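Keep the definitions next to the places where they are used.

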Amino acid sequence: METALKALGNEGFFLFSSLDTNNDLYLSPEEFKPIAEKLTGVTPVSEYEEEETLDPSGEMLSVAAKFQPLLMETMTKSKDGFLGISHVALSGLRNWTAPAAPVNVMFARQFKAFLPPKNKLELGDPWWIIPSELNIFTGYLSNNRFYPPAPKGKEIIIHKLLSMFHPRPFVKTRFAPQGAVACIQASSEFYYTVAFRIHAEFQLNEPPDFPFWFSPGQFTGHVILSKDSSHVREFKLFVPNNRSLNVDMEWLYGASESSNMEVDIGYLPQMELESMGPSIPSVIHDENGNVIDSRDPTGEPIQFVFEEITWQQKITWEEAAQKLEVAMYPFKKVSYLPFTQAFERAKAENKLVHSILLWGALDDQSC
């Protein structure tokens, strides 16, 4: 390590360390790939392998991204005009003004990752789509990283969705609780409504700048899909904007893990993905199995008619969201009440009030 530091210098070793994900002081071809793509300008058409081969004739879902950039004036550092903060440090944030991909088309089958396991078919019973690998004993992941690791398994669809906002999403946050959790909100004979919550973040800077981490409080939403995942009726994912602060930002000022780090919180008005309609067949067959044109004789697209879903069981969105919240934050098993309501409850139950004042929200990743 001393030899590497001497040969590369502080900044060179900092970049090397950000790529050396297994800390073996050797860059494998996979670890070197982000730099190779940056230098050559060539990005593979299909970056990641799916768990299974998708049927090219399966249904396709069009998803649209909506994004309004962070309001700079909501950052604490804005109060003194960002005094002492270099323009370069915030360049990735200032330049992020639109989604990386306003529209994307995906296979309905890719949303299979949101289906419940066989032992989690009760309404509101949460399961992990992406399990959290961190706890109070494991600490946190390195801040000194620029490029996300290649997603695997159920991470792939979430990485693909978040990449519509920015090209460098990390589907697992540096701090616990990380991952993605879901539960069934409604069930019919052939369909589920699955509510989900995802803790993910983005790296906004690239070398030679130092890392800048952008961590929304949470991504939440729902997907309505058939039990065999062949059809997606509806999909929505968004960052809640009902609080005055909903994004944590952290950026390094030096070429080492122990370098000074600035921290701030701000407000993001809009960050959401929504399906543009139900998934539709990519190839249409007539009753004899022959492929037919997707447009009628007048040139208009064929209109599909979808059956109405009759839900046999359902819980409210608020109930589902609360179950996901407790799965991420077990301390939420205790009721945390707004200031005025707390005194009413305390009086009714003849208990004392424990008041906590925080800069941000304790029950999302922006704090």
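Two strands pair if DSSP finds at least two bridges between them. Helices (H or I, at least four residues) and strands (E, at least two) are DSSP runs, numbered from the N terminus. The model is predicted: local features need pLDDT of at least 70, side-chain atom pairs count only at pLDDT 80 or more, and totals for chains, interfaces and linings use all residues. Residues are numbered from 1 along each chain as its sequence is written, and side-chain values use heavy atoms, with hydrogens and water left out.

Start with the strands. β9 (residues 219–226) and β10 (residues 232–238) run antiparallel and are joined by six bridges. Glycine 221 faces leucine 237 of β10 across this pairing. β10 also pairs with β13, again in the antiparallel sense, over three bridges. There, leucine 237 has leucine 273 of β13 as its bridge partner. In a regular strand the side chains alternate between the two faces of the sheet.

Now look at the turn. The hairpin of β9 and β10 has five residues between the strands, and serine 229 takes a positive phi near 60° there. Serine 229 is not a glycine, yet its phi is positive. Most residues other than glycine have a negative phi, and most peptide bonds are trans. Is serine 229 buried or exposed? Serine 229 counts as buried because its relative accessible area is 1%. The cut-offs are these: buried means under 20% relative accessible area, exposed over 50%, and partly exposed in between (1.4 Å probe, protein chains only).

Proline 278 sits between β13 (270–275) and β14 (280–281). Its relative accessibility is 26%, so proline 278 counts as partly exposed. Proline 278 and phenylalanine 235 are 43 residues apart along the chain, but their C-alpha atoms are separated by 8.6 Å. Contact means heavy atoms within 4.5 Å. Leaving aside neighbours within four places in sequence, proline 278 is in contact with Leu61, His231, Val232, Arg233 and Phe306.

From here, go to the core. A nonpolar core is a set of buried Ala, Val, Leu, Ile, Met, Phe, Trp, Tyr and Cys residues joined through side-chain atoms within 4.5 Å. The largest one has 54 residues. Which of them touch the most other members? They are Phe111, Phe114, Ile158, Phe165, Phe214, Phe219 and Phe235. Take phenylalanine 111. Beyond its neighbours within four places in sequence, phenylalanine 111 is in contact with Leu61, Met106, Ile157, Leu161, Val223, Leu225, Val232 and Phe235. Apart from this core lies another, of eight residues, including Cys183, Ala195, Ala320 and Leu324.

Helix α4 (residues 155–162) is mostly covered, with seven of its eight residues buried. Those buried residues are Glu155, Ile156, Ile157, Ile158, His159, Leu161 and Leu162.

Two buried polar residues come next. Serine 215 belongs to strand β8 (residues 212–216). Serine 215 counts as buried because its relative accessible area is 4%. Its side chain makes a polar contact of 2.6 Å with the side chain of glutamate 201. A polar contact is a pair of N or O atoms within 3.5 Å; within protein, one must be able to donate a hydrogen and the other to accept it, and residues adjacent in sequence count only if both atoms are side-chain atoms. Outside four places in sequence, serine 215 is in contact with Arg174, Glu201, Asn246, Val247, Asp248, Gln365 and Ser366.

Aspartate 363 lies in the segment after α6 (339–349). With a relative accessible area of 8%, aspartate 363 is buried. What joins the side chains of aspartate 363 and lysine 332? A polar contact of 2.9 Å. Outside four places in sequence, the contacts of aspartate 363 are Arg197, Arg243, Glu325, Tyr329, Phe331 and Lys332.

Finish with the remaining backbone spots. Asparagine 350 is also in the segment after α6. Though not a glycine, asparagine 350 has a positive phi of about 55°. At 72% relative accessibility, asparagine 350 counts as exposed. The peptide bond from alanine 176 to proline 177 is cis, with omega near -5°. Proline 177 is in the loop between β4 (169–170) and β5 (179–187). Proline 207 and proline 208 are likewise joined by a cis peptide bond, with omega about 10°. Proline 208 is in the loop between β7 (201–203) and β8.
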